Amino acid sequence: MNALGERIAALIAAQGPISVAQFMTMALHDPRAGYYATRDPFGRGGDFTTAPEISQMFGELLGLWIAQCWHDQGKPHARLVELGPGRGTLMRDALRAIRSAMPAFLESVEIALVEASPTLQKIQAETLSGFTPRWTTHFDNSLSDRPLFLLANEFFDALPVNQYVNTERGWRERMVTLDDTGALTFAVSPLTAPVGFIPANRQAAPLGAFYETSPTSTALMQQSAEIISQKGGAALIIDYGYGADAGFGETLQAVRAHKFAPVLDAPGEADISAHVDFAALTKAAHAGGANAFGPISQGHFLIALGIAQRAQRLQQPKERERLTAADQMGTLFEALAIMPKNAPLPPGFA
């Protein structure tokens, strides 16, 4: 067991089992040894590769999507925010495309990056040296005073989830505890989960079924939607996930060196994520007073935005295929747009 694992074990020994959400938060964001706090996880030399690292086309098209939404809403004095900007690659490519196609956008829009990792903040500053973004470690009230144009690519999947298991004694929360040897292990809480925490259309579940919730995700989505509803703007969320017709499976996973790893082994040394509940995000957006469009597949979305023509010009057929093909990222990842109720239909969602 590594040092962070030992500290988590000591916490459990002193205070009792912790939720999966609390374990994820410590493993990913512990200031001394958390996964995102201590490393650059992206690319071939890291643990996983995201769409912006595959091709500049991804960030360019998302940037032009944002610029078009801004234009359609009357070119307001606004703010462009990215959640979890990684190396800053997506934002760099987006801003370069916007500067070429709609330079007035950069003259009236502030750029803000929500990034908790000091390590990644430094890398983002280098990547975006030609621009002047500001950083905040959380999505806070400083981002709520003007129209909000929001990008979130592979961000919501890293937010903490609570897991519940359907047992003979009802739904019980899955916890992280210690086994007889002192190693981290999963166990089920002796307490029954609150009544009504599962949507009515998903009550019928077999024994052993899993259900995952992410209060952090839905709260952030509703907060963003409230700003967009009241001030204007747009949000584009791209991630892997599922909709209202999903079954009852566990999606929690750890990835290290581009391979799956045991979730509880070596916390802080592997990426931990869970599939995004797009139905829950849509419900939260509606609660915030905004409209939601999608989710639609990433492949369908990028093709609608013109990736085929851009790939031909850049001579990047393989990169286009990775981003859009059904057996690559095209159907695994989905896109969800959040808009004010009076705004025009967002590009790509017709």
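Arginine 256 and glutamate 269 form a salt bridge, with their closest N and O atoms 3.0 Å apart; a salt bridge here is a side-chain nitrogen of Lys or Arg within 4 Å of a carboxyl oxygen of Asp or Glu. The pair links distant parts of the chain, 13 residues apart: arginine 256 is in strand E11 (residues 253-256), and glutamate 269 is in the loop between E12 and E13. Helices (H or I, at least four residues) and strands (E, at least two) are DSSP runs, numbered from the N terminus. Arginine 256 counts as partly exposed because its relative accessibility is 39%, and glutamate 269 counts as partly exposed at 24%. Buried means under 20% relative accessible area, exposed over 50%, and partly exposed in between (1.4 Å probe, protein chains only).

This is a predicted model, in which local features need pLDDT of at least 70 and side-chain atom pairs count only at pLDDT 80 or more, while totals for chains, interfaces and linings use all residues. Residues are numbered from 1 along each chain as its sequence is written, and side-chain values use heavy atoms, with hydrogens and water left out.

The structure holds twelve salt bridges. Another of them joins glutamate 53 to arginine 87, where the closest N and O atoms are 3.3 Å apart. Glutamate 53 lies in helix H4 (residues 51-54) and arginine 87 in the loop between E2 and helix H6 (89-101), so this pair ties together parts that are 34 residues apart in sequence. Glutamate 53 is partly exposed, at 25% relative accessibility. Arginine 87 is also partly exposed, with a relative accessible area of 24%.

A further salt bridge connects the side chains of aspartate 93 and arginine 92, at 3.3 Å from N to O. Aspartate 93 is buried, because its relative accessible area is 1%, whereas arginine 92 is partly exposed at 32% relative accessibility. Both residues belong to a network of salt bridges that links Glu60, Arg92, Asp93, Arg96 and Arg310.

Lysine 75 has a phi near 55 degrees, a positive value in a residue other than glycine. Lysine 75 is found in the loop between helix H5 (56-72) and strand E2 (78-83), and with a relative accessible area of 45% this residue is partly exposed. Alanine 266 is not a glycine either, yet its phi is positive, at about 50 degrees. The loop that holds alanine 266 runs between strand E12 (259-261) and strand E13 (271-273). Alanine 266 is partly exposed, its relative accessible area being 24%.

Glycine 294 and proline 295 are joined by a cis peptide bond, with omega about 5 degrees. Proline 295 is part of strand E15 (residues 291-297).

The last stop is threonine 136, in strand E4 (residues 134-136). This residue counts as buried because its relative accessibility is 9%. A polar atom of the threonine 136 side chain lies 2.9 Å from the backbone oxygen of histidine 138. Not counting residues up to four places away in sequence, threonine 136 touches Leu113, Val114, Glu115 and Leu143, where contact means heavy atoms within 4.5 Å.

Conventions. Polar contact = N/O pair within 3.5 Å; in protein donor to acceptor, adjacent residues only side chain to side chain.
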